[in-house]
Amino acid sequence: MVREDGKQQGLERGEELIRAVPPEWLGGFFGPGGSLYFAIDAKGHSYPRVSVGDNSREKLIKLKNILGGTVSGGGSRGESQHLWTLGQSSLVVCLAEHMQQFVPSWQETIWAFLSWAETDSMEDRLEIAQMANGEEDNNFTINDYLPLVRDVEFLAGVFDSRGMLKDRLLVRSKNGSLLAALQFVYGGFHDVTVEKGTVWAGRERGVIYTSSSESYEWRVTAETHREFKHQLDGHLKLLQF
């Protein structure tokens with residue numbers, strides 16, 4: 001009984017952490033990076049998961065302090081040496097529901113998470129998970145992001161996720177619609193940095209990777225850099241100027 005009470009208190013505390021974070025910031029953070037998916041074990045059990053890879057462990061520790069979860073070393077690709085994961089299914093569903101209105105690129109997966117949570121049938125959950133993992137969330141365009149990128153909390157989440165704020169101000173992501181919206185509203189330059197099908201060598205000898213999609217970069221001028229520094233002041237949670 002004591003163990004169950006402690007587990008319930010831990011879940012309640014986890015939900016409190018998540019709901020204390022502005023959903024706009026969460027939408028900005030998970031829009032350009034991170035992964036929402038179902039883990040499926042050998043027995044057919046399925047579990048909603050959220051993860052973020054980054055080469056800065058310090059940054060992911062800060063994320064853990066904000067949202068809970070765990071941080072592990074690893075990741076075979078050079079750009080993702082550390083991994084933050086939220087692995088408690090009920091907390092993943094809580095996070096997804098909390099940020100749902102502000103993350104166009106993950107709408108299909110979030111609907112799958114919510115549908116999964118509404119049924120206790122292992123078979124139904126497995127079917128939902130398999131369908132969600134086999135589909136891509138691509139029913140979104142620049143128009144879905146135009147109102148969002150004008151929100152300072154959303155904008156801060158984008159930079160905390162995949163931004164560079166020191167010598168240059170830029171954002172790199174595979175979400176071309178989001179970066180196109182940033183360019184439309186704030187100007188700057190929006191380019192393809194990695195073509196789909198690009199091949200590169202991993203850090204391990206003999207390991208080769210192929211890009212499954214295009215990657216993009218949005219960058220701004222020095223004048224806009226100063227404007228963003230003023231605008232984002234007090235809203236960034238993981239990075240600082």
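The side chains of Asp160 and Trp25 are joined by a polar contact of 2.9 Å (N or O atoms within 3.5 Å, one able to donate a hydrogen and the other to accept it; residues adjacent in sequence count only through side-chain atoms on both sides). This is a predicted model, in which local features need pLDDT of at least 70 and side-chain atom pairs count only at pLDDT 80 or more, while totals for chains, interfaces and linings use all residues. Residues are numbered from 1 along each chain as its sequence is written, and side-chain values use heavy atoms, without hydrogens and water.

- A polar atom of the Asp160 side chain lies 2.9 Å from the backbone nitrogen of Leu239.

**Aromatic pairs**

- The structure holds 10 aromatic pairs (ring centres of Phe, Tyr or the six-membered ring of Trp within 6.5 Å; planes under 30 degrees apart are stacked, over 60 edge-to-face, the rest tilted).
- The ring centres of Phe38 and Phe113 are 5.0 Å apart with planes at 90°, so this pair is edge-to-face.
- Phe38 counts as buried at 3% relative accessibility, and Phe113 is buried at 0%.
- Tyr145 and Phe154 form a tilted pair, because their centres are 6.3 Å apart and their planes stand at 50°; Tyr145 and Phe154 are both buried.
- Trp25, Phe29, Phe30 and Trp84 are linked by ring pairs into a cluster.

Key:
Buried < 20%, exposed > 50% of the residue type's maximum accessible area, 1.4 Å probe, protein only.
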